[in-house]
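Please keep the sequence and the structure in view while reading.

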Amino acid sequence: MYKNLAAVIAAACFLSPFFPLTATAAQPAQALASSGNKPVKAAFVYVTPVFEAGWTHQHDEGRKAVEKSLGNSVKTTVVENVAEGADSERVVRDLAQQGHDIIFTTSFGYMEPTLKVSKEFPNVKFESITGYKTDVNVAVANARYYEGRYLAGVAAGRLTKSNVAGYVAGFPIPEVLQGLNAFTLGMRSVNPQAQVKVVWLNAWFDPAKERDAAMTLFNQSVDVITFHTATNAVMVAAQERGKMAIAYHSDMRKVAPDAQLMAVMHEWGNYYTQRVQDVQSGQWRTGNASGGLKEGMIRVGDFGPKMSNSVRNEIQQIQKDIVLGKRQIFHGPIKDNEGKPVVAAGQALTPVQILNMNYLVEGVVGKVTP
């Protein structure tokens with residue numbers, strides 16, 4: 001289900017600025033009638049259980065932020081550990097039938113089921129998180145995760161002793177390729193000899209496979225590792241093996257107090273709060289939204305004891321440059337890992353080109369196809 005995405009996404013709208021959302025050109029804005037004094041019923045569908053850290057944890061923190069900000073004017077519902085596909089379609093339909101005003105579906109594989117159900121409930125608003133297809137009552141939102149990944153790569157490049165990093169990844173969809181490539185570019189920007197070895201799992205949520213992949217990489221000279229999966233299993237493995245690791249989604253120092261160099265974190269609270277408020281005010285509109293370091297949707301920090309002050313200061317300065325537009329991550333010359341030029345010298349990828357990424361950059365050891 002994840003193959004040949006680039007050709008499909010090419011036809012989709014590219015991401016517009018994070019705030020405010022605007023109606024897509026093909027679909028005029030349609031506001032939901034104000035619900036008066038009734039609280040907005042907002043539902044959240046999660047692909048894993050809610051753990052103490054990780055992808056779903058961050059979305060649930062966003063939901064809690066909505067409750068804290070809006071109080072009695074919102075009532076939230078959670079359905080967790082919902083498999084992508086038929087199960088998610090059933091759950092989303094049930095939530096719509098229960099009278100929820102807005103439903104957030106927080107996994108890429110929920111996109112098609114969300115679109116299908118949305119046509120049956122035109123008065124319900126749907127938010128497809130990490131999807132790319134919109135409709136009159138379906139908006140999409142994603143983040144520029146790759147900005148944080150680039151900074152993490154700089155840290156890895158400075159602190160590695162073996163010049164080999166590891167990357168445990170779920171599926172080779174563009175979002176994951178962007179992060180893997182940005183990490184590699186960041187690493188090689190300060191350590192041109194560095195390599196990044198990738199292991200594809202064909203799963204977002206499989207703690208045993210995540211751990212096994214990390215252990216395999218540690219046996220291949222990897223001394224610093226990161227991941228794009230749903231749990232903290234890679235961090236736990238790094239702590240056990242005495243390796244360095246970069247957390248993703250959440251701060252994971254609780255399970256990797258010595259291993260964690262830093263964390264690349266997701267912050268969904270502001271976005272979710274704004275969208276529920278839009279429903280309350282009758283101003284909700286479909287659209288494409290994206291946020292990164294500048295908007296606060298991506299944050300880096302939570303540095304561990306192995307992070308030197310000099311590298312921390314360097315990362316913080318590069319972050320400022322990215323926010324101010326002084327540094328573009330996918331700026332040429334860039335070759336793929338088969339030696340083919342993909343970005344010419346002096347050129348930078350457009351948002352559409354980034355969204356369609358379907359290759360691995362020079363320095364990655366592995367293939368796009370698992």
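The largest cavity has a volume of about 150 Å³. The model in which it is found is a predicted one. A count of cavities of 30 Å³ or more gives one. How can such empty space be found? Rolling a probe the size of a water molecule over the atoms shows where empty space is left.

Which residues line the largest cavity? The lining consists of Val47, Trp55, Ser107, Phe108, Thr130, Ile173, Glu175, Trp204, His228, Thr229, Ala230 and His249. One of these lining residues, Trp55, also belongs to an aromatic cluster.

**The aromatic cluster**

In the model, the count of aromatic pairs comes to 13. A pair of aromatic rings is described by the distance of the centres and the angle of the planes.

| Pair | Centre to centre | Angle between planes | Arrangement |
|---|---|---|---|
| Phe44 and Phe104 | 4.8 Å | 15° | stacked |
| Trp268 and Tyr272 | 5.8 Å | 15° | stacked |

The pair of Phe44 and Phe104 links distant parts of the chain, 60 residues apart. Phe44 lies in strand β1 (residues 40-45), whereas Phe104 lies in strand β3 (residues 102-105).

Are these two residues buried or exposed? Phe44 has a relative accessible area of 0% and is therefore buried. Phe104 is likewise buried, because its relative accessibility is 0%. In the other pair, Trp268 has 1% relative accessibility, so it counts as buried. Tyr272 counts as buried because its relative accessibility is 0%. The cut-off behind this reasoning is that buried means under 20% relative accessible area.

**The nonpolar core**

Which residues touch the most other members of the largest nonpolar core? This core holds 118 residues, and the three in question are Ile225, Met262 and Phe330. Helix α5 (residues 145-159) gives the largest share of the core, nine residues.

The surroundings of Phe330 can be followed in detail. Leaving aside residues up to four places away in sequence, Phe330 touches Tyr146, Gln178, Asn181, Ala182, Leu185, Val343, Gln347, Ala348, Leu349, Ile354 and Met357.

Key:
Residues are numbered from 1 along each chain as its sequence is written. This is a predicted model: local features need pLDDT of at least 70, side-chain atom pairs count only at pLDDT 80 or more; totals for chains, interfaces and linings use all residues. Side-chain values use heavy atoms; hydrogens and water are left out. A nonpolar core is a set of buried Ala, Val, Leu, Ile, Met, Phe, Trp, Tyr and Cys residues joined through side-chain atoms within 4.5 Å. Buried means under 20% relative accessible area, exposed over 50%, partly exposed in between (1.4 Å probe, protein chains only). Helices (H or I, at least four residues) and strands (E, at least two) are DSSP runs, numbered from the N terminus. Contact means heavy atoms within 4.5 Å. Rings of Phe, Tyr and Trp (its six-membered ring) pair if their centres lie within 6.5 Å; planes under 30 degrees apart count as stacked, over 60 as edge-to-face and the rest as tilted. On a 1 Å grid over the protein atoms alone, a cavity is a set of points where a 1.4 Å probe fits but cannot get out, and a pocket is an open set with protein on both sides within 12 Å along at least five of seven lines; lining residues have an atom within 4 Å of a point. Grid points are joined across faces, edges and corners, and a volume is the space filled by probe spheres set on the points.
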